[in-house]
Amino acid sequence: MTGDQLPPIKGFIETSLLDWPGQVCAVIFLPYCNLRCPYCHNHRLVLEPDTLETIPLESILDRLSPFKDWVDGLCITGGEPTMHRGLPALLGKIHEAGFKTKIDTNGTQPDILRHLISEQLVDCVAMDVKGPLDDAMYARCAGVYVPVSIIKESIQVLMSAEVPHVFRCTVTPGLLSEEDIRLLAEQLKALRTEAGSADRAAPPLTLQNFNPADPMESDLKKVKPLTNEALLSMQQGVNRILD
Ligand code: SF4
């Protein structure tokens, strides 16, 4: 595939108020991922994308065109969008159509992230951080070995950039404890201090609850998500460390 070929789009949501905080966006889903997070609820996109219909970008942009005044942008999620060499071309076409762009990424491709930011192809980035920045812990949460040096590099790329960004972490009981989350928050704080971005206003780590409906690892269906109160309390603990 050359860099000009657009990635296949395997899903589309016309309107979302949740995927881009403070913005109304549409969401498009790209296939494939280099991780195998046991809790992944998009595993069909990751493991069996050929069973999903491919949606032409033109039909999506035509569909959104009448709503330009109130749809702020498109969120590109997956799967892992940075797996696709055609991602820059896709983001460029979305900009040409008059929409802002956000990507959701697992942060395993810092060079691509750097390129997208320096070429001003992306207006917002949400990076999922899978757990504390330790090789063994990370492998457990990501389902495959990932050198955390790569994840740290992506975090530093975002912390040093002007582009709005947020870090997110899915809290799956049994995989991550409250202590693990506290450790991750401390590690992010240290990286933020190194990057000299301690006064940034954006909330630096948003916790998400585990969804047991259809996880990649089917044994996790038996795991109970945290109560809203427990998740909120954990989030407040994170905020106290990072605020
Ligand atoms: S949850 Fe993990 S496996 Fe699923 S798309 Fe995201 S990074 Fe990939």
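Start with the ligand: the space it takes is the largest pocket. A pocket here is an open set of points on a 1 Å grid over the protein atoms alone, where a 1.4 Å probe fits and protein lies on both sides within 12 Å along at least five of seven lines. A molecule sits in a pocket if more than half of its atoms lie within 2 Å of the grid points.

This is a predicted model: local features need pLDDT of at least 70, side-chain atom pairs count only at pLDDT 80 or more, and totals for chains, interfaces and linings use all residues. Residues are numbered from 1 along each chain as its sequence is written, and side-chain values use heavy atoms, with hydrogens and water left out.

Next, select C33, L35, R36, C37, C40, V46, G79, N106 and K130. These are the residues around the ligand, each with a heavy atom within 4 Å of it. The shell divides into 5 nonpolar, 2 polar and 2 charged residues. Cys, Leu and Val count as nonpolar, Lys and Arg as charged, and Gly as polar.

Now go to C25 and C75. The whole structure holds 0 disulfides, a disulfide being a pair of cysteine sulfur atoms within 2.5 Å. For C25, the nearest cysteine sulfur is that of C75, 5.3 Å away. That is too far for a bond. Buried or exposed, C25? C25 is buried, at 0% relative accessibility. C75 is also buried, with a relative accessible area of 0%. Buried means under 20% relative accessible area, exposed over 50%, and partly exposed in between (1.4 Å probe, protein chains only).

Select F67 and W70. A search of the whole structure finds 1 aromatic pair. F67 and W70 form it edge-to-face, 5.6 Å centre to centre with 70 degrees between the planes. Rings of Phe, Tyr and Trp (its six-membered ring) pair if their centres lie within 6.5 Å; planes under 30 degrees apart are stacked, over 60 edge-to-face, the rest tilted. F67 is partly exposed at 25%. W70 is partly exposed at 45%.

Last stop: K68 and F99. K68 lies over the face of F99, 6.0 Å from the ring centre. The test asks for NZ of Lys or CZ of Arg within 6 Å of the ring centre and within 35 degrees of the ring normal.

How values were computed
1 Å grid on protein atoms, 1.4 Å probe; cavity = no way out; pocket = protein on both sides within 12 Å on 5 of 7 lines; lining within 4 Å.
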